[in-house]
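Dear colleague,

Please find below the sequence and structure that I am handing over to you. I would be grateful if you kept them open while reading the notes that come after.

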Amino acid sequence: MNNQTTVERKSARELVVTRIFNGPARIVFEAWIRPELFKRWWVPGSFGLTLLSCEMDVRVGGGYRLVFAGNPEPIAFFGKYLEVTPHSRLSWSNDESPDGAITTVTFEENGDTTRVVVTDLYPSKEVLDAAIASGSTGAFPEQFLQLDELLATELVR
Amino acid sequence: MPDTGVLKLNHMVQYSVSNRFDSSFAALSDATRRGVLEQLGRADASITDLAAKFRMTLTGMKKHVGVLEQAGLVTTAKVGRVRTCRLGPRQLEEEAAWIERYRQLWAARFDELDKVIEDLKRQEKAAGRRKRK
């Protein structure tokens, strides 16, 4: 039985995901900062996406870039690391969209387990509302169309 | 990395699975009506307030609110001479449903992360044994 994942809209601008892992913070943290480990779990098979490359320069001001197979062109997600505190805290920007959230991940060790909290802070309530609204109606902002098309192809299969 | 990535995935998961152009889609196909929902997300408002805010006649705004009301996105109640609009049950349900789908995406991701952590623990144990020898 896997540990439970919970999601909460903690405030108008914040979406928070929480999960406990059976391992020390040192090990859990490692899986977030080493690209060869990161790419094994960030895009699970059920997403139906092909990750072409994953570059991560994990230090404050360092960049990351994930490239997915797309139709007709590959699609990149990228940003910069804003905070890197070994085994306890990671934060990065999501720069592929002007309205990208700031993602912060905290690792809290408790005995043999580590509690991971992922917080996405959006620039405004309106941006988060729009993301949610478009998710339930299919009215996507232009910049999302490419990936949406890709996913449509992947999921229909 | 991109969390917005998950949002985008999520848009499409829902979209391709249901692919329904229902009344809420029609209601949301209009920029003014989307604006009205955003406005009501901040605070309840009367039709008069909304008409002024969107520089529209009272009749025009009543029509828009009517479409949103039919889609279950807005509810209205008349108190005295003022009709107050607020977000409807549908809008709130959709947020809850969206959050559940978002949770499922993260759960799938984290189930994979469990496997990576188990591997790392095993490797560490094996390395520890080798050291002790």
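This is a predicted model: local features need pLDDT of at least 70, side-chain atom pairs count only at pLDDT 80 or more; totals for chains, interfaces and linings use all residues.

In chain A the pLDDT averages 83, and 84% of the residues score at least 70. Residues 136–157 of chain A should be read with this in mind: pLDDT stays under 50 there, although the model has 46 contacts beyond four places in sequence for that stretch.

Chain A contains an open sheet of 8 strands, with antiparallel pairing, in the order β1-β2-β8-β7-β6-β5-β4-β3. Its edge strands are β1 (6–11) and β3 (51–56) of chain A, each of which pairs on one side only. On average, neighbouring strands of this sheet are turned by 20° against each other, direction ignored.

On one side, β6(A) pairs with β5(A) (residues 75–85) in the antiparallel sense over 4 bridges, and A:Ser91 is the bridge partner of A:Glu83. These two strands form a hairpin with 3 residues between them, and A:His87 in the turn has a positive phi of about 65°. Strand β6(A) is also joined to β7(A) (residues 102–110) by 5 bridges, again antiparallel; here A:Ser91 has A:Thr104 as its bridge partner.

From β7(A), 9 bridges lead on to the antiparallel strand β8(A), residues 113–121. Within this pair, A:Val105 is bridged to A:Val118.

Helix α1 of chain A (residues 25–33) lies across β2 (14–21), β3, β6, β7 and β8 of chain A. The helix runs at about 155° to β7(A).

In chain B, helix α3 covers residues 31–42. At 1.5 Å a residue, its 12 residues should span 16 Å, and this agrees with the 17 Å between its end C-alpha atoms. Which residues of α3(B) are buried? They are B:Arg33, B:Val36, B:Leu37 and B:Leu40. Seen down the axis of α3(B), these buried residues fall within an arc of 100°, so they line one face of the helix. On the face of α3(B) turned away from the buried side are the exposed residues B:Ala31 and B:Arg42.

Yours sincerely

How values were computed. Residues are numbered from 1 along each chain as its sequence is written. Chains are lettered from A and ligands numbered from 1 in the order in which they are written. pLDDT is the predictor's confidence in each residue, from 0 to 100. Two residues are in contact if their C-beta atoms, placed from the backbone, lie within 7 Å. Two strands pair if DSSP finds at least two bridges between them. Axes are lines fitted to C-alpha atoms, for helices over the stretch in contact, and angles run from 0 to 180 degrees between N-to-C directions. The expected span of a helix is 1.5 Å times one less than its number of residues. A residue is buried if 20 or more other C-beta atoms lie within 10 Å of its own, exposed if 12 or fewer, and partly exposed in between; C-beta atoms are placed from the backbone. The arc is that of the directions from the helix axis to the C-beta atoms.
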